[in-house]
Amino acid sequence: MESASHLARLGLKLPPGEAPSAAEAYVCSACQTTQAAGRPRKDWKPKPYSFTDWLALRPGVQGRLSLCADCLPFFSMPVLLATQSLVVNREGAWSLSKDAHRAWFLTTPPAPPFVAMIGDATMQHLVWRARVSYSRELIAVQIGRSSLLIDRPWMLEAVQWARRAAEIGRALGLRVVSQHPFQRLSRHRNDLSDVAHGSMRADYLACASDHPELRDLLARLQQLGTGELWALAHLTKRKQEAPSALPIARPWLESCDV
Ligand SMILES: [Zn+2]
């Protein structure tokens with residue numbers, strides 16, 4: 001299986017990082033792929049207190065950390081900064097920085113395989129933590145420390161269920177502002193554990209006891225997983241907007257320090 005770092009490096013036209021050849025096979029501490037003897041291997045000693053993604057690293061042999069040629073470019077500051085919110089495949093990369101971009105991505109994902117990532121802090125390592133999506137039907141999105149999986153056919157059906165539930169709610173005299181019957185749908189990772197996120201509104205539930213179609217719709221929507229709920233938050237609220245392709249990484253190369 002291809003690592004996210006390898007795929008993203010190719011899509012962003014970044015050359016492999018240069019490092020001495022490994023004397024024996026090793027496991028990259030970042031992407032966790034096994035690298036054969038002879039492949040570049042960088043002994044890595046991050047500065048204490050400056051690297052906050054320790055928990056995502058694979059422990060090295062006796063604390064020794066190694067980086068592979070695919071991950072090395074993503075440890076340079078210009079590349080790190082430029083890869084905080086994007087989706088990348090072999091053809092190129094597109095921004096996911098705005099909600100409208102994310103709605104576009106969820107409805108029209110690029111040709112797989114691709115890697116999608118969205119930072120939720122000022123600066124994070126995302127690429128080598130991400131999963132590669134091999135299909136448009138099951139897509140992975142790395143959001144900060146969390147990896148969300150989205151079943152797209154289910155997600156697309158859920159958009160219709162949510163809209164239909166809102167339509168019924170309106171017809172029954174409920175105060176309907178959102179195109180869904182949830183108390184709240186959050187688009188931010190830190191809010192996904194909010195008790196209101198993904199919970200049904202009490203007034204919808206009260207109406208559902210006398211309305212079989214609404215009861216069925218709410219029951220289906222309550223089955224959605226974390227990824228589908230996150231996707232629904234974009235697709236029931238936000239307009240879509242195709243981002244222009246991100247500039248290919250050439251300008252970054254001058255300032256790469258790897
Ligand atoms: Zn690696």
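Strand β5, which spans residues 85-89, is mostly covered, since five of its five residues are buried; a residue is called buried if 20 or more other C-beta atoms lie within 10 Å of its own, exposed if 12 or fewer do, and partly exposed in between, with C-beta atoms placed from the backbone. The model is a predicted one, in which local features need pLDDT of at least 70 and side-chain atom pairs count only at pLDDT 80 or more, whereas totals for chains, interfaces and linings use all residues. Residues are numbered from 1 along each chain as its sequence is written. Helices (H or I, at least four residues) and strands (E, at least two) are DSSP runs, numbered from the N terminus.

Within β5, Ser85, Val87 and Asn89 point one way, while Leu86 and Val88 point the other way, and all of these residues are buried. Pairing between strands was assigned where DSSP finds at least two bridges between them. By this criterion, β5 is joined to strand β6 (residues 93-95) by three bridges, and the two strands run antiparallel. Together β5 and β6 form a hairpin, with three residues between them, and in β6 the bridge partner of Val87 is Trp94.

Strand β5 also pairs with β7, again in the antiparallel sense, over five bridges. Ser85 stands opposite Ile118 in β7, and Val87 stands opposite Ala116 in that strand. Strand β7 is largely enclosed by the rest of the structure, because five of its five residues are buried. Both of its faces are covered, with Phe114, Ala116 and Ile118 buried on one side and Val115 and Met117 buried on the other. Strand β7 pairs in turn with strand β8 (residues 138-143), here in the parallel sense and over three bridges, and Ala116 stands opposite Val141 in β8.

A cis peptide bond, with omega of about 0°, joins Pro112 and Pro113.

The buried residues of helix α3 are His101, Arg102, Ala103, Trp104, Phe105 and Leu106, and what covers them includes β5, β6, β7, α4 (152-171) and α7. Helix α3 packs against helix α7 (residues 226-235) at an angle of about 115°, with the axes 9 Å apart; axes are lines fitted to C-alpha atoms, for helices over the stretch in contact, and angles run from 0 to 180 degrees between N-to-C directions. The crossing of α3 and α7 is left-handed, a term used if the near helix is turned anticlockwise from the far one by less than a right angle, with right-handed used if clockwise. In this packing, Asp99, Arg102, Ala103 and Leu106 in α3 meet Ala231, His234 and Leu235 in α7, where two residues are in contact if their C-beta atoms, placed from the backbone, lie within 7 Å. The residues of this contact divide into four nonpolar, one polar and two charged; Ala, Val, Leu, Ile, Met, Phe, Trp, Tyr, Cys and Pro count as nonpolar, Asp, Glu, Lys and Arg as charged, and the others, Gly among them, as polar.

The largest nonpolar core has 62 residues, and those with the most contacts inside it are Cys71, Val87, Val115, Ala116, Val127, Ala165 and Leu232. A nonpolar core is here a set of buried Ala, Val, Leu, Ile, Met, Phe, Trp, Tyr and Cys residues joined through C-beta atoms within 7 Å. When its neighbours within four places in sequence are left aside, Cys71 is in contact with Ser5, Cys28, Ala30, Cys31 and Trp128.

Two residues other than glycine were noted for a positive phi. Lys13, with phi near 60°, lies in the loop between α1 (4-11) and β1 (26-27), and it is partly exposed because 13 other C-beta atoms lie within 10 Å. Gln32, with phi near 70°, lies in the loop between β1 and β2 (34-35), and it counts as partly exposed because it has 16 C-beta neighbours inside 10 Å.

Ala219, by contrast, is placed in helix α6 (residues 212-221) and counts as exposed, because it has 12 C-beta neighbours inside 10 Å. Ala219 and Asp99 are 120 residues apart in sequence and, from C-alpha to C-alpha, 27 Å apart in space.
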